[in-house]
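Work through these exercises with the model open. Each task is followed by a solution in short steps.

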Amino acid sequence: MGYFGSDHEETFETNIFPIQGRPEEEVLARLDAFSERDVGEISGHSIVYGTQLMNHMDAARIAKVANMKFVKKNMLYKELMAGTERMTLEVKRMIQEMLGFPDGVRIRLTSGGSESLYCAINAAYQWARQEKPKMRKPEIVAPYTIHAAFSKWCHYTGIRLKRVALGKDFRADVSAMQAAVTRDTFMIVGSAPCWPYGLYDDLPAIAAVAEKRNLWMHVDACLGGFLAPFTEKAGQKLPPWGFGISGVRSISADLHKYGFSCKPLSSIAYRNKDWEQYHEYAPADWPDGPYTTEAICGSTTAGPIASAWAVMQFLGEAGYVDLARRCIEVKQRYTDGINAIDGCRCWHSDLTPMVYEVPRGMDMFAVMGGLFERQAYCLPGFQPPVIKVIIDPVTDEVVDRYIEALQEVIPEVRAGKITIESIRPYI
Ligand SMILES: Cc1ncc(COP(=O)(O)O)c(C=O)c1O
């Protein structure tokens with residue numbers, strides 16, 4: 001199943017698992033053939049290509065090499081890997097320094113933003129089971145924009161997720177969230193920024209509700225966590241989001257987004273050991289004794305951690321600030337280019353992604369189909385219909401190609417030459 005909900009059922013006329021193994025060159029060539037069918041590198045944004053667009057700084061190459069060096073190492077057996085363990089501790093320490101977290105913060109590495117959010121919900125729930133005896137049907141209060149991973153974990157566990165309608169500015173309506181809190185609420189959350197519109201919620205106001213009602217407050221900084229500090233250092237002010245806000249107990253921030261590591265890697269930080277204790281669960285009710293893992297997943301590879309270590313060391317603060325500055329320039333270039341096209345309008349976004357409306361009455365999917373045909377990739381937003389562009393530190397050429405494609409597509413959709421049919425091959 002794809003992001004757009006597509007489900008391509010392949011039928012196989014013959015068996016494909018070979019009786020005898022094939023030669024290495026043939027195997028690798030066939031893998032290359034799979035890869036060549038994917039979208040091209042330069043036009044794709046990090047949503048598709050992870051770190052590959054940073055080629056100008058060689059960071060992507062270093063991340064890949066580091067990943068390969070450690071990919072076979074199993075993080076389950078840390079006791080046997082003093083070097084890997086030290087490297088992991090150094091990554092956690094660098095995360096603390098990069099994100100400006102105070103001493104005492106406890107960091108866990110996970111397989112991605114979703115797992116970090118699952119960990120946050122689970123820790124909050126374990127805390128509430130002990131500390132909120134009046135809770136009957138556990139529920140979380142969240143703005144409508146909170147990431148879909150919240151819905152997933154709540155579906156798996158039977159926790160109720162109350163998504164509260166947004167304010168007129170498309171940010172959390174904190175008064176409405178406060179009104180939605182009941183004695184069954186154990187957690188309240190906000191985004192920094194949210195995936196649908198790139199906007200920060202008013203996190204200090206949400207934290208005030210958390211403190212007043214004794215709720216676990218989580219900040220989802222999966223998307224912006226590793227971009228925000230460097231964007232600020234590059235001179236752009238952002239709304240507050242960190243542990244500087246009292247009442248925040250946990251924060252998720254993805255390394256495989258603007259930390260520029262290889263996938264899959266994210267982090268969840270707890271303000272202190274007192275909150276981290278609810279993360280921990282090491283079952284011993286089976287024949288093999290305690291089963292202790294970093295987060296929810298079991299055995300995992302050290303490859304992405306090595307890639308994070310390598311990129312952090314390679315870029316240093318100056319490198320991350322350069323990339324953040326480039327993101328600011330790229331966003332401005334997109335905004336200027338898109339706003340100059342008749343009927344298109346960019347929204348304000350605090351950080352990333354960048355969101356724009358196509359001309360009133362025009363079918364957004366027809367526009368996207370036309371863009372995809374021109375190798376200009378982007379994502380749909382549904383409520384309201386908007387097109388989303390992920391801001392990466394790409395070259396001017398990438399931005400200009402996208403703008404040129406949009407300039408061509410809009411009049412053609414208007415003239416009926418490009419229709420919704422154009423998106424069909426991609427969904
Ligand atoms: C704000 C936010 N939270 C969580 C996630 C989920 O992250 P992942 O795709 O790594 O599971 C994303 C992904 O884009 C996100 O933007």
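**Exercise 1.** Which residue forms a salt bridge with R326, and how far apart are the closest N and O atoms?

*Solution.* The model is predicted, so local features need pLDDT of at least 70 and side-chain atom pairs count only at pLDDT 80 or more, while totals for chains, interfaces and linings use all residues. Residues are numbered from 1 along each chain as its sequence is written, and side-chain values use heavy atoms, with hydrogens and water left out.
- Apply the test: a salt bridge puts a side-chain nitrogen of Lys or Arg within 4 Å of a carboxyl oxygen of Asp or Glu.
- The partner is D396, with the closest N and O atoms 2.7 Å apart.
- D396 sits in helix α13 (residues 396-414) and R326 in helix α11, so the bridge ties together parts 70 residues apart in sequence. Helices (H or I, at least four residues) and strands (E, at least two) are DSSP runs, numbered from the N terminus.

**Exercise 2.** Decide for D396 and for R326: buried or partly exposed?

*Solution.* 
- Take the cut-offs: buried is under 20% relative accessible area, exposed is over 50%, and partly exposed is in between (1.4 Å probe, protein chains only).
- D396 has 32%, so it is partly exposed.
- R326 has 19%, so it counts as buried.

**Exercise 3.** Which residue does K78 bridge to, and where do the two lie?

*Solution.* 
- K78 forms a salt bridge with E294, at 3.3 Å between the closest N and O atoms.
- K78 is in the loop between α3 (59-70) and α4 (82-99); E294 is in the loop between α10 (273-276) and α11 (303-339). The two are 216 residues apart, and the pair links distant parts of the chain.
- K78 is partly exposed at 22%, whereas E294 is buried at 18%.

**Exercise 4.** How many salt bridges does a search of the whole structure find?

*Solution.* The search finds 27.
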